[in-house]
Amino acid sequence: MTSHPKDERTLVVVKPDGIQRALIGEIMKRYERIGLKLVALKMFVPTEKMIEEHYLLDPRWKKNVGEKAIQSYIRKGEEPPSSDPIEVGNLVVERLKRYMTSGPVIAMVWEGAHAVELVRKITGSTEPRSAEIGTIRGDFVVDSYQMADGADRAIRNLIHASGSVPEANKEIPHWFGPEEIIAYSVPHEAILYDVDMKGILG
Ligand code: GDP
Ligand code: MG
């Protein structure tokens with residue numbers, strides 16, 4: 001049996017800078033107001049092992065991020081630290097371990113139709129400098145590849161959000177046990193997902 005589109009889930013992690021900037025409420029509000037439902041939530045300081053495993057859940061991610069980073073060095077007219085995408089990917093993983101273990105994070109699972117795509121749209125693109133105004137990364141932070149690569153650190157972009165449904169399906173069990181995810185309903189789902197709008201008039 002295929003599940004209903006409203007059952008799609010995605011992982012969101014408010015990164016340490018999101019908490020330091022006092023943006024927890026602002027970030028949650030944006031996912032909540034579109035109609036997504038929070039089904040899991042916790043705050044803790046992740047270990048380096050957990051972060052490394054998280055970014056290596058997709059075997060292609062390291063090479064892709066390495067290629068993307070090499071292109072961003074070339075665009076700036078700078079020499080990349082290596083021409084091998086895997087080596088540059090390893091460098092990005094090391095930066096991410098330092099960044100993501102520097103303080104508490106808040107991990108959440110949001111549920112609803114097109115949850116993965118809508119959360120990414122609300123979150124905005126990876127580099128805050130080029131993220132659209134109106135997105136969280138575009139509205140609340142000023143980082144760039146130029147500044148982050150120059151300082152040998154990860155881009156500070158407030159949030160991690162799963163990039164695809166298969167990515168979400170691997171990431172959620174990495175961050176949450178099944179008993180930590182709560183199945184429940186909220187009244188507004190009756191309007192968001194109702195097919196015929198019957199039962200409104202008395
Ligand atoms: P996301 O899905 O938009 O978070 O982006 P990715 O999955 O491609 O990368 C994961 C995280 O690594 C990003 O959110 C950034 O914090 C960091 N990052 C990615 N690419 C680069 C890069 O080229 N340079 C630096 N300094 N950080 C990067
Ligand atoms: Mg990603």
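Which strands and helices do the buried residues of H2 pack against? This is a predicted model, so please keep that in mind throughout. The partners are strands S1 (9-14), S2 (37-44), S3 (105-111) and S4 (159-161), together with helices H6 (115-123) and H7 (136-140).

Now the helix itself. H2 covers residues 24-33, and its buried residues are Ile27, Met28, Arg30 and Tyr31. Viewed down the axis of H2, these buried residues fall within an arc of 155 degrees, so they line one face of the helix. After the helix comes Gly35, with a positive phi near 115 degrees.

In soluble globular proteins, nonpolar side chains tend to be buried together. Here the largest nonpolar core has 27 residues, and the members that touch the most others are Val13, Trp61, Leu96, Trp175 and Phe176. At least two residues of this core come from each of S1, S2, H3 (48-55), H4 (61-75), H5 (85-100), S3 and H9 (165-175). H5 gives the largest share, six residues.

Take Val13 as an example. Leaving out residues up to four places away in sequence, Val13 touches Met100, Val105, Ile106, Ala107, Leu158, Ile159, His160 and Trp175.

Now the whole chain. How many helices and strands does the protein chain have? There are 10 helices and four strands. In sequence order the pattern is β-α-α-β-α-α-α-β-α-α-α-β-α-α. Among contacts between residues at least 6 apart in sequence, 75% join residues at least 24 apart.

On overall dimensions, a compact globule with 202 residues would have a radius of gyration near 17 Å, and the protein chain has 18 Å, which agrees. Along the principal axes, the C-alpha atoms fill a box of roughly 70 × 35 × 30 Å. Buried residues account for 47% of the 202 residues. The accessible surface is about 11,000 Å², and 56% of it belongs to carbon and sulfur atoms.

That's all from me.

Technical notes
Residues numbered from 1 in each chain as written. Chains lettered and ligands numbered in written order. Predicted model: local features only at pLDDT ≥ 70, side-chain atom pairs only at ≥ 80, totals over all residues. Heavy atoms only, no water. Buried < 20%, exposed > 50% of the residue type's maximum accessible area, 1.4 Å probe, protein only. Arc of directions from axis to C-beta. Contact = heavy atoms within 4.5 Å. Core = buried A, V, L, I, M, F, W, Y, C linked by side-chain atoms within 4.5 Å. Rg over C-alpha atoms; globule rule 2.2 N^0.38 Å. Areas by Shrake-Rupley, 256 points an atom, 1.4 Å probe, with all protein chains shown as cover.
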